[in-house]
Amino acid sequence: MLFFSCAQQKEGSMSPTPDEDNVRGHLERLASDEFQGRMPFTEGEKKTLDYLVSEFEKAGAVPGNNGSWYQEVPMAEVNSILNGNLLVEGSGQQIEFQQAAEYVALTRRVSETVDIRNSPMVFAGYGIVAPEYDWNDYEGLDVKGKTVIVLVNDPGFGMGDTSFFKGNTMTYYGRWTYKYEEAARQGAEAVLIVHKTIPAGYPWGVVENGWSGPQLYLESEDGNQGRCAAEGWISWDSFQKILETSGTDPSLINDAKTNAFQAVELGLTCSLGMSNTIRHSKSQNVVAMIPGTESPEEVILYSAHWDHLGIGKPIDGDSIYNGFLDNASGTSCILELARMFGSEYAAPKRSIVFLAVTAEEQGLLGSAFYSENPIFDPAKSVANINTDGLTMNGPMKDLTVVGYGQSELDDYAERAAHKQDRYIIPDPDPGKGYFFRSDHFSFAKIGIPALYCEGGADHAEQGKEYAEEMKMEYLINRYHKPQDNYDPDADLRGLLNDIRIFYDVGNELANAEAWPQWREGSEFKSIRDQYMN
Ligand SMILES: [Zn+2]
């Protein structure tokens with residue numbers, strides 16, 4: 001262990017450099033068939049964990065969870081089977097909606113049955129409580145024991161005004177996960193999101209497939225009883241029928257886009273039931289740290305998900321989903337960062353923590369568990385830097401920042417990029433909500449400023465078109481397929497440059513007293529401000 005070295009040495013040119021052979025070694029190993037696609041709960045998990053711990057140890061890191069390398073993540077697999085149609089009654093009428101075709105519902109509760117009877121229905125607009133926009137769809141409303149119906153996306157979508165929410169850039173409030181969480185916080189018994197293809201970004205078929213079959217969830221001590229008993233979707237046409245039956249003017253849907261909107265009791269009740277088969281499982285996050293020399297309780301959190309999809313349906317004769325980019329790349333990257341920060345030339349003043357998290361592919365579960373059970377005080381957590389799916393197509397001129405504009409970490413990334421004569425650009429497709437789709441989001445959700453970036457849009461030698469072609473080639477042929485294999489010819493120059501950026505950002509934060517802030521208008525700012533003041 002080398003973190004007692006003298007502070008003078010780390011000034012000047014003796015800064016640690018990412019090493020290609022190390023990185024290649026990690027990539028080859030993690031993406032090898034020996035690791036069986038790194039699926040949680042399998043032999044592949046055990047092999048991966050052993051490898052990570054031994055490499056972190058070699059790097060000079062110490063166990064990060066009160067003497068342990070692990071944080072246990074309890075999960076429940078719940079397979080909900082709906083008992084029949086959704087029954088809506090009131091105004092002397094009774095209508096039924098067909099499961100799968102017109103509505104879907106699941107439960108996160110670890111209970112064998114769900115039985116919702118005559119639950120009063122409320123239309124709660126977008127189902128959003130957003131203090132920074134002075135917006136509260138639940139204001140003055142008591143939804144305990146009731147079923148709330150909410151619209152998909154957020155009110156800014158399609159309004160042509162980027163200052164209203166974020167226009168077409170999806171905010172956290174537009175995500176279905178948020179709507180379910182908020183309904184649960186409000187005490188609703190059930191929550192149904194009204195589907196519409198354009199604002200959802202996907203057709204009904206995606207909902208129909210996604211909301212059926214076994215689902216893996218985190219399991220809280222009370223078996224997720226704090227969640228709504230049913231979380232589902234209802235088709236647009238079904239919602240129109242509900243409004244008609246209740247005698248409610250459908251223009252209400254447009255009113256929901258205004259601040260004057262007030263939730264409406266529909267004068268109808270609904271009933272639905274389901275039977276659930278439950279299995280309990282445990283997986284592990286790996287937690288390693290390089291303790292800081294001056295303020296060890298203040299931490300910079302690097303994260304990367306170690307898991308992938310395991311062994312599955314064969315494609316072209318290959319059934320092992322090795323997950324080379326997704327995410328042996330990010331995992332190798334944090335192993336190399338641990339070695340760099342563990343070198344005698346680093347000696348960071350604040351602690352550097354490496355979280356290799358589990359079950360990202362099942363819905364960011366490992367990092368979500370960390371954020372619900374943080375090992376390091378969020379108020380002492382300076383920033384998160386997440387690495388996921390780093391492209392290995394050679395050196396890039398850009399550094400693409402997903403969620404650009406969210407926090408001051410953009411400035412740190414920009415400074416680091418400039419040292420390599422690279423420029424910073426926002427995610428070209430912010431409407432897709434990528435900021436909410438990897439592990440950094442779990443940290444953002446508890447207010448920790450989070451950075452998610454990589455080069456990939458502008459190849460330093462071959463230009464933008466080539467970079468785009470390479471990206472598409474991956475998405476079409478390899479993403480989430482057994483073909484995401486280790487490639488001995490992969491050009492790692494770009495990955496090494498990106499590692500240097502992740503190092504520089506973390507190193508600047510680790511040797512300063514600064515606390516990067518969320519910017520005005522970020523949906524995470526008020527969460528951070530609540531415990532930082
Ligand atoms: Zn993935």
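This is a predicted model: local features need pLDDT of at least 70, side-chain atom pairs count only at pLDDT 80 or more; totals for chains, interfaces and linings use all residues.
Colleague: Where is K525 placed?

Modeller: In helix α14, residues 525–532. Helices here are DSSP runs of H or I with at least four residues, strands are runs of E with at least two, and both are numbered from the N terminus.

Colleague: And what is K525 in contact with, leaving aside neighbours within four places in sequence?

Modeller: K525 is in contact with W518, R519 and E520. Contact means heavy atoms within 4.5 Å.

Colleague: Switching to the metal. Which protein donors does the zinc ion have?

Modeller: D326 gives an OD atom, E361 gives two OE atoms and H480 gives NE2, at 2.0 to 2.3 Å from the zinc ion. Donors are N, O and S atoms within 2.8 Å of the metal (3.2 Å for Na, K and Ca), and water is not among the atoms, so sites may look incomplete.

Colleague: Why is the arrangement around the zinc ion called irregular?

Modeller: Because the four donor atoms subtend angles of 58 to 142°. Four donors count as tetrahedral if all angles lie between 85 and 135 degrees; four count as square planar and six as octahedral if opposite donors are over 155 degrees apart and all others between 65 and 115; anything else is irregular.

Colleague: How are the donor residues spaced in sequence?

Modeller: The pattern is D-x34-E-x118-H. E361 sits in the loop between β17 (350–357) and α9 (365–372), and H480 in the loop between α12 (463–477) and α13 (493–510), so this pair ties together parts 119 residues apart in sequence. E361 is buried at 18% relative accessible area, while H480 is partly exposed at 26%.

Colleague: What about A100, what is its phi?

Modeller: Near 75°, a positive value in a residue other than glycine. A100 is in the loop between β4 (93–97) and β5 (103–106), and counts as partly exposed at 31% relative accessibility.

Colleague: On to packing. In the largest nonpolar core, which residues touch the most other members?

Modeller: L27, F56, Y302, L337, F341 and F354, out of 62 residues. Helix α8 (residues 324–342) supplies the largest share of this core, 10 residues. There is also a second, separate core of 50 residues, including A130, Y133, I253 and F435. A nonpolar core is a set of buried Ala, Val, Leu, Ile, Met, Phe, Trp, Tyr and Cys residues joined through side-chain atoms within 4.5 Å.

Colleague: What does L495 touch, ignoring residues up to four places away in sequence?

Modeller: V23, L27, L390 and M392. L495 is in helix α13 and is buried at 1% relative accessibility.

Colleague: How many disulfides does a search of the whole structure find?

Modeller: Zero, with a disulfide taken as a pair of cysteine sulfur atoms within 2.5 Å. For C228, the nearest cysteine sulfur is that of C270, 12 Å away. C333 has its closest cysteine sulfur in C453 at 9.8 Å, too far for a bond.

Colleague: Last one: what does the domain assignment give?

Modeller: Domain 1 covers 7–60 + 291–532 and domain 2 covers 77–279; such bounds come from an automatic or database domain assignment. Their C-alpha centres lie 33 Å apart, and the contact takes 18 residues from domain 1 and 15 residues from domain 2.

Technical notes. Residues are numbered from 1 along each chain as its sequence is written. Side-chain values use heavy atoms; hydrogens and water are left out. Buried means under 20% relative accessible area, exposed over 50%, partly exposed in between (1.4 Å probe, protein chains only).
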